[in-house]
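Me: I'd like to learn how to read a fold like this one, feature by feature. Could you walk me through it?

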Amino acid sequence: MNNIMPVKQIVTILLFYFFFVSVKGQTSRALLVAIDKYPSESGWNEIHATNDIYLLKPLLIKRNFAPAHVTVLLNEQATKDAIVKALKQLAKDSRHGDYIYIHFSCHGQQMADDNGDETDGLDEALIPYDAPRRYQKGVYVGEKHLRDDELGSLLDDIRKKTGDKGTVTLALDACHSGTADRDKGDDVYVRGTSYVFAPKDFVPPAVVCTDSTLKEIYSQPGMASMTVIAACMPEQLNYEYRSPHGFYYGSLTYALWEIMRKNESLPFSRLCELLKNRVDELKPRRGKTQIPLLKTNDEKGIFRIGI
């Protein structure tokens, strides 16, 4: 009696095995950064960014992110060096096919472009814990700001590491053109500042910027797909939402949390619609228009958090 397994059957078993190992080998990883209590001498007003993490982390765990794969940097932990180190570590730890979720809740600021790649003469930057608000020649000239160019380069490293089967999502609950001031007794909080970080004699070109924090998301062979969700258009304010219980949250974070805890996945077009409507409902009654911005090069057309 011939007990030798046919070659076709062996190949089928091996293909199934390698497919199973490949799928099981994929990991969901996250980096959550929230800063709401900047040093008093920094010039930044207090917001409520750390509340966002209390919504996001449980949602990620529910979506099968292992706690060990969710890195959280809060306030004084979220210095420029610490954020860059965490992003580099994320690239180092990532494997082909992983899902990466990165979320920033903090202030943002426009600053003078330092390499001539911006048509409006301005870079957009996220504000780490140790980045002062004011330009001071010979004292502080922006080295602790996290520019869009630098962030984009760090994200490219992650996209290359996760490869063409990977997915990277970046959520930015920050703003670069709002006002960092609020009236005494006012309960309206805005993330960002209208003050452009630049020398006093800086004059940007007379061009209106209509883009988001990152340049156009480009695709290259071997790179993960990427989705960027920003809280508002560049010229708009990013309001915090005050819940019925009196807690403040980023309006984008709260809307995204509400939507994704009810939906495992959504077409991007539907997510855009839901985010736009919900953020509009969450903004203060006297608040101005705030429209979330979503960009993606994910050809699947479906948004989900996690694998």
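Me: Let's start with E240; which strand does it lie in?

Reply: E240 belongs to strand β10, residues 238-242. Strands here are DSSP runs of E of at least two residues, helices are runs of H or I of at least four, and both are numbered from the N terminus. One caution before we go on: this is a predicted model, where local features need pLDDT of at least 70 and side-chain atom pairs count only at pLDDT 80 or more, while totals for chains, interfaces and linings use all residues. Residues are numbered from 1 along each chain as its sequence is written, and side-chain values use heavy atoms, with hydrogens and water left out.

Me: Is E240 buried or exposed?

Reply: Buried means under 20% relative accessible area, exposed means over 50%, and partly exposed is in between, using a 1.4 Å probe and protein chains only. E240 has a relative accessible area of 3%, so it is buried.

Me: What does the side chain of E240 make a polar contact with?

Reply: A polar contact is a pair of N or O atoms within 3.5 Å; within protein, one must be able to donate a hydrogen and the other to accept it, and residues adjacent in sequence count only if both atoms are side-chain atoms. For E240 the partner is the side chain of R191, at 2.9 Å. If you count plain contacts (heavy atoms within 4.5 Å) and skip residues up to four places away in sequence, E240 touches I47, H48, A49, Y189, R191, Y248, Y249, S251 and P284.

Me: And R133, where does that one lie?

Reply: Look in the loop between β5 (122-126) and β6 (146-147). R133 counts as buried because its relative accessibility is 11%. Its side chain makes a polar contact with the side chain of T193, at 3.0 Å.

Me: What about S94: buried or exposed?

Reply: S94 has 0% relative accessibility, so it counts as buried. You'll find S94 in the loop between α3 (80-93) and β3 (99-105). Its side chain reaches the backbone oxygen of L90 at 2.5 Å. Not counting residues up to four places away in sequence, S94 touches R29, I100, I158, K161 and T162. S94 and G163 are 69 residues apart in sequence, yet 9.7 Å apart in space, C-alpha to C-alpha.

Me: Now helices. How do α3 and α4 pack?

Reply: Two packed helices are described by the angle between their axes and the distance between the axes. Axes are lines fitted to C-alpha atoms, for helices over the stretch in contact, and angles run from 0 to 180 degrees between N-to-C directions. For α3 and helix α4 (residues 148-162) the angle is about 20 degrees, and the axes are 8 Å apart. That makes α3 roughly parallel to α4; the label covers angles under 35 degrees, while over 145 is roughly antiparallel, 65 to 115 roughly perpendicular and the rest oblique.

Me: What is the handedness of the crossing of α3 and α4?

Reply: A crossing is left-handed if the near helix is turned anticlockwise from the far one by less than a right angle, and right-handed if clockwise. The crossing of α3 and α4 is left-handed. Among the residues that meet there are V84, L87 and A91 in α3 and L151, L154 and I158 in α4.

Me: At what angle do α5 and α6 pack?

Reply: α5 and helix α6 (residues 268-282) pack at about 130 degrees, with their axes 9 Å apart. That makes α5 oblique to α6. The contact includes L252, L256 and I259 of α5, along with L271, L275 and V279 of α6. α5 passes α6 in a right-handed crossing.

Me: How do α2 and α5 pack?

Reply: Helix α2 (residues 50-62) and helix α5 (residues 251-262) pack at about 25 degrees, with their axes 10 Å apart. They are therefore roughly parallel to each other, and their crossing is left-handed. L55, L56 and L59 in α2 are among the residues in this contact, as are Y254, W257 and M260 in α5.

Me: Last one: what is phi of N64?

Reply: Most residues other than glycine have a negative phi. Phi of N64 is near 70 degrees, a positive value. N64 sits in the loop between α2 and β2 (70-74), and counts as exposed because its relative accessibility is 65%. N75 also has a positive phi, about 45 degrees, although it is not a glycine. N75 is in the loop between β2 and α3, and with 12% relative accessibility it counts as buried.
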